[in-house]
Every structure is written in C-alpha cells, then in structure tokens.
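Reader: I am new to protein structures and would like to learn how to read one. Could you take me through it step by step?

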Amino acid sequence: MTTAPVHDTDRVIGFTLPDSHARGRMVRLGSALEQILSAHSYPAPIEAILTEAVTLAALLGSTLKNGEGQLTIQAQTQRGVVKLLVCDYKNGELRGYVQFDEVRLSRLGKKPSIKSLFNEGYLAVTFDQTTSGERYQGIVPLDGDSLAEAAQSYFFQSEQIPSLIRLQHRRGADGKLVAGGLFLQHLPEGEVGRERLHVRLDHPEWNGVEALASTMGIDELGDATIPLENLVWRLFNEEREVRVLSGVDLTRGCRCSAEYYRGVLTKFAAEDRAEMADEQGTISVDCAFCSKVFPLALDEFAPSTL
C-alpha cells in the first residue's frame, strides 16, 4: 500500500505560543495564486509585487473572526510606475490586480526597488466586519525595501504591537509559482498610551520567537511536501506548548457577475447608459480583477420611470 505524497498549498493556518505571549499565521499559495496572475500578462516585477500583496492579504484576512468580513489591501502612488494595486480576502477567497505604466517600468531594469515602483506611495489596510458594520483602516507610507516592511510599519503605527511579516515566493523546477508567508505578533497587552512595544523590555521572550521566525525561508515555505503544521512545530519546537489552529482553504474568488454590474448600471440614468453603449446598443463592462468582459444590452434595463 502506497501513501500519496503531501501537497499542502492554498491554505493558511493559525497558531499560538502561550509561554511566549505570541500568535501567528502561516500560508502557502500555489494554484490559487497562479489563477489570479493568469488573468493578466504581468511583467516579472509586477508579478512579484502582486504575489507579495496577495500572500499578505491571505495572512491578514484570515485573522478576521467573522467569515463574512473582508480585508482589502490597496497601494496608491503619486507619479509612481505602479498606479494602483488592489487585492482582498473574503471567506478564503483571494483576488488582486495592478495598474502600471509599462513604458516607464521597462526603464527600471529587472529588479526595481519599492521606491522606484511606487515613488511617494501609501499602503492602506482596511478591515470590514460585515455583521457588526465596523470598519477600520490604517494608512502608512510605502517605505522600506519590501511590502512586508511596509506592513510591519502599519502594525507598529496603528496597533503598537511588535510584529514580524515575511513574504517570499519562487518558481519551482516545473515552472509553477509558489508563495509563502509568515505573520507573527506579540499578544496585545497594556494601555495604548504606554506604547505596547514596552514588551521588548518586559517580555524578552519576544526577541527569541522573532529571531526564530526570521530564519524561515522560501526553501521550507515553498516546499509543498511539508505540511504547514509541521513547519510551525519545526520552527518553535523548543516551546513548551504550541497550539495549532484549524486551517482555512484558499481559492481565487472574483465576485464579478453580469447581475452585479447590471445592478450597478441600473443606478445610472437611461441617458447615461445610452452614452456608455456602443453602436449595437451594448455596454461592455470589464472586470479589472479577472479580465472578463460582461456585455449588457440596453434593452435589458427597465425603462426609466422618471
């Protein structure tokens, strides 16, 4: 009797380290990421930055306690090569896209820096809780050498909680892209005004788990034959107790549909819809996330009662 090989991708798990007052998330993406990227023929630098953003969305979005909540990551720039980057997470579904200046990008070389791509850019992280209606957004400059560093700055400024974020990816020998991520935080405590980062002095164990987490590389994160649970145990095997939480399966999930766009266009006046239509009386709406085009005929809309 043979055992099928492990292939652990498109999943995120949570874990806690009670003795070190820390919690974390670990993710590995495969086919779901490939499907997101396949909707556009992105040059390598754009593919890389979107891969990091989608991986980050999986890590942060999976912390939502309510399955109906949504996490959105958006990066906007002023005079940057990248004009707009958007990705989001909702109940295990991921999507994302990038708008960029292809001509200017071609002048930057093979590995442009974050600064050269975004110039004076800002990263906005938004948590929407559907059931409670609560919405929280934090905005930080796109400083540092990576999207992970910008995300760490977000938590430093918005929550004052020590955090570590690692985002990595590679293409295997089969040419397929695999991405992995690790998100580690000290458990929040103390009043915000005292600066929660005092834990570096009061709880030196944070330095230990942070150092261990920093050693996690793409060789392990990108190896689909190693279950994520095994990686957590391998990384923190010296902890007295490691609690691994149930995982969440991840998929590409664009929520566009003809019905949705029809509902949006219904809110426009008939005259405005007529201006949007072509000579055949069709309004073509394309989804920036998945590149699908939805043709909607003018006669599908009820006559205006105004």
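Author: Here is a tour that goes from the whole chain to its details.

Author: First, this is a predicted model, so local features need pLDDT of at least 70, side-chain atom pairs count only at pLDDT 80 or more, and totals for chains, interfaces and linings use all residues. Residues are numbered from 1 along each chain as its sequence is written, and side-chain values use heavy atoms, with hydrogens and water left out.

Reader: How many helices and strands does the chain have?

Author: Helices (H or I, at least four residues) and strands (E, at least two) are DSSP runs, numbered from the N terminus. The chain has 11 helices and 14 strands. Of its 306 residues, 47% are buried; buried means under 20% relative accessible area, exposed over 50%, and partly exposed in between, with a 1.4 Å probe and protein chains only. Contact means heavy atoms within 4.5 Å. Among contacts with a separation of 6 or more, 62% join residues 24 or more positions apart.

Reader: In what order do the strands of the open sheet lie?

Author: Strands of a sheet pair through backbone hydrogen bonds, either parallel or antiparallel. Two strands count as paired if DSSP finds at least two bridges between them. Here an open sheet of 6 strands runs in the order β7-β6-β3-β4-β5-β12, with mixed pairing. Its edge strands, β7 (135-141) and β12 (251-252), each pair on one side only. Helix α2 (residues 44-61) packs on the sheet and touches β3 (70-78), β4, β5 and β6 (120-128). The direction of α2 makes about 30° with that of β4; axes are lines fitted to C-alpha atoms, for helices over the stretch in contact, and angles run from 0 to 180 degrees between N-to-C directions.

Reader: In which sense do β4 and β5 pair?

Author: Strand β4 (residues 82-90) and strand β5 (residues 93-100) pair in the antiparallel sense over 8 bridges. To find a facing pair, look at Y89, which stands opposite L94 in β5.

Reader: How do I describe two packed helices?

Author: Two packed helices are described by the angle between their axes and the distance between the axes. For α2 and α5, the axes come within 10 Å and cross at roughly 35°. Helix α2 gives I49, E52, A53, L56 and L60 to the contact, and α5 gives L147, A151 and F155. By class, this contact has 7 nonpolar, no polar and 1 charged residues. Ala, Val, Leu, Ile, Met, Phe, Trp, Tyr, Cys and Pro count as nonpolar, Asp, Glu, Lys and Arg as charged, and the others, Gly among them, as polar.

Reader: Is F118 buried or exposed?

Author: F118 lies in helix α4 and counts as buried, at 0% relative accessibility. Leaving aside neighbours within four places in sequence, F118 is in contact with I49, A75, T77, Q78, G80, V82, L85 and L142.

Reader: How do side chains sit on a strand?

Author: In a regular strand the side chains alternate between the two faces of the sheet. In strand β14 (residues 293-297), F294 and L296 form a covered face, while V293, P295 and A297 form an uncovered one. Strand β13 (residues 282-286) pairs with β14 in the antiparallel sense over 5 bridges, and I283 stands opposite L296.

Reader: Which residues line the largest cavity?

Author: I36, A39, R95, G96, R252, C254, F289 and C290 line it. By class, that lining has 5 nonpolar, 1 polar and 2 charged residues.

Conventions: On a 1 Å grid over the protein atoms alone, a cavity is a set of points where a 1.4 Å probe fits but cannot get out, and a pocket is an open set with protein on both sides within 12 Å along at least five of seven lines; lining residues have an atom within 4 Å of a point.
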